[in-house]
Amino acid sequence: MSTIPTNRTCIITGASRGIGAQIARNLGRDGANVVVNYRSSETKAYDVVDDIEAEGGTAIAVQADVTNKDAVDAMSDRVHDVFGPVDVLVNNAGITVDRTFKTMTREEWERVIDVNLGGVFNCSKAFYDDVKQAEHGRLINISSVVGQQGNYGQANYATTKSGLFGFTRTLALELANSGSTVNCVAPGFTRTDMLADVDEEIQDKIRQRIPLNRFAEAEDVSGVVRFLASEESSYMTGQILGINGGMEW
Ligand code: NAP
């Protein structure tokens with residue numbers, strides 16, 4: 001099984017719920033120092049910290065809206081004070097604001113871009129030097145099958161998730177000299193609050209398009225992220241790994 005070396009420091013953005021929370025629990029179980037970032041779900045973030053500590057791991061929760069550069073920089077200061085430099089950054093925080101393009105406002109377009117790409121910019125800037133200097137530095141971006149296929153009513157979201165492919169490949173090149181890697185996962189539809197927001201009828205239609213005939217669980221995604229965070233993935237960089245139950249793209 002792939003595990004990360006113990007005492008590495010991993011920060012996961014948007015780790016209070018869903019996929020991010022499961023990634024945090026997995027990395028905590030492997031012996032990492034885990035930073036559970038959240039925006040507003042404070043109780044849930046501390047629940048994730050409690051889960052990690054209950055299994056003998058080490059974690060802290062840090063509030064920061066990833067769209068706010070000053071807040072991200074303050075989070076970086078706090079993380080450095082507590083754990084020192086970061087080895088692994090997982091850019092997971094993301095939102096949807098679904099509308100057909102015809103009815104989508106500029107504000108709805110920008111709100112999604114601000115979190116899903118602006119947040120990635122702020123966090124990657126804040127931890128870039130750490131990841132570069134780390135012995136097995138890892139930058140892992142959470143994209144989506146929607147970035148590969150597009151999706152009705154998600155022009156804003158699909159655009160941000162496709163954008164992460166170019167970002168991943170470019171940073172992989174720019175960090176390659178250091179030996180640190182940059183990869184991306186593109187999960188299919190995963191059973192979290194984000195999917196719960198989708199109308200039941202649409203969920204049924206989506207499920208029919210999945211060859212494995214089920215939605216992903218957060219564990220399906222976190223297992224692959226755990227591998228990308230591990231030493232075993234050292235010769236992989238600039239890759240986009242689909243975790244989508246066999247959906248074509
Ligand atoms: P989720 O259950 O809705 O959780 C979203 C997480 O992101 C929460 O922890 C939330 O924190 C955090 N977040 C949102 N905006 C933030 C901000 N401005 N600053 C900091 N944190 C913020 O979502 P999920 O389904 O786990 O999705 C996680 C990632 O996987 C996203 O990037 C998403 O696009 C991607 N993904 C999801 C699916 C899916 O079907 N679920 C499929 C493919 C890809 P608070 O609770 O504190 O607000």
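Helices and strands here are DSSP runs, numbered from the N terminus; a helix has at least four residues, a strand at least two. With that in hand, let's look at this predicted model.

Next, the polar atoms. Y157 has a polar side-chain atom 2.5 Å from an oxygen atom of the ligand. For T192, a polar side-chain atom also sits 2.5 Å from a ligand oxygen. For K161, the distance from a polar side-chain atom to an oxygen of the ligand is 2.9 Å.

Is the ligand buried or exposed? Alone, the ligand exposes 900 Å². The protein buries 97% of that.

On to the pocket. The ligand takes up the space of the largest pocket. The volume of that pocket is about 1,300 Å³. How many residues line the largest pocket? The lining has 48. Nearest the centre of the pocket are G94, I95, T96, M194 and L195. The elements giving two or more residues to this lining are α1, β2, α6, α7 and α8 (200–208). By class, the lining divides into 18 nonpolar, 19 polar and 11 charged residues.

To recap: the ligand's space is the largest pocket, and Y157, K161 and T192 each bring a polar side-chain atom to a ligand oxygen, at 2.5 Å, 2.9 Å and 2.5 Å.

How values were computed:
Residues numbered from 1 in each chain as written. Predicted model: local features only at pLDDT ≥ 70, side-chain atom pairs only at ≥ 80, totals over all residues. Heavy atoms only, no water. Polar contact = N/O pair within 3.5 Å; in protein donor to acceptor, adjacent residues only side chain to side chain. Areas by Shrake-Rupley, 256 points an atom, 1.4 Å probe, with all protein chains shown as cover. 1 Å grid on protein atoms, 1.4 Å probe; cavity = no way out; pocket = protein on both sides within 12 Å on 5 of 7 lines; lining within 4 Å. Sits in = over half its atoms within 2 Å of the grid points. Points joined across faces, edges and corners; volume = space filled by probe spheres on them. Nonpolar A, V, L, I, M, F, W, Y, C, P; charged D, E, K, R; others polar.
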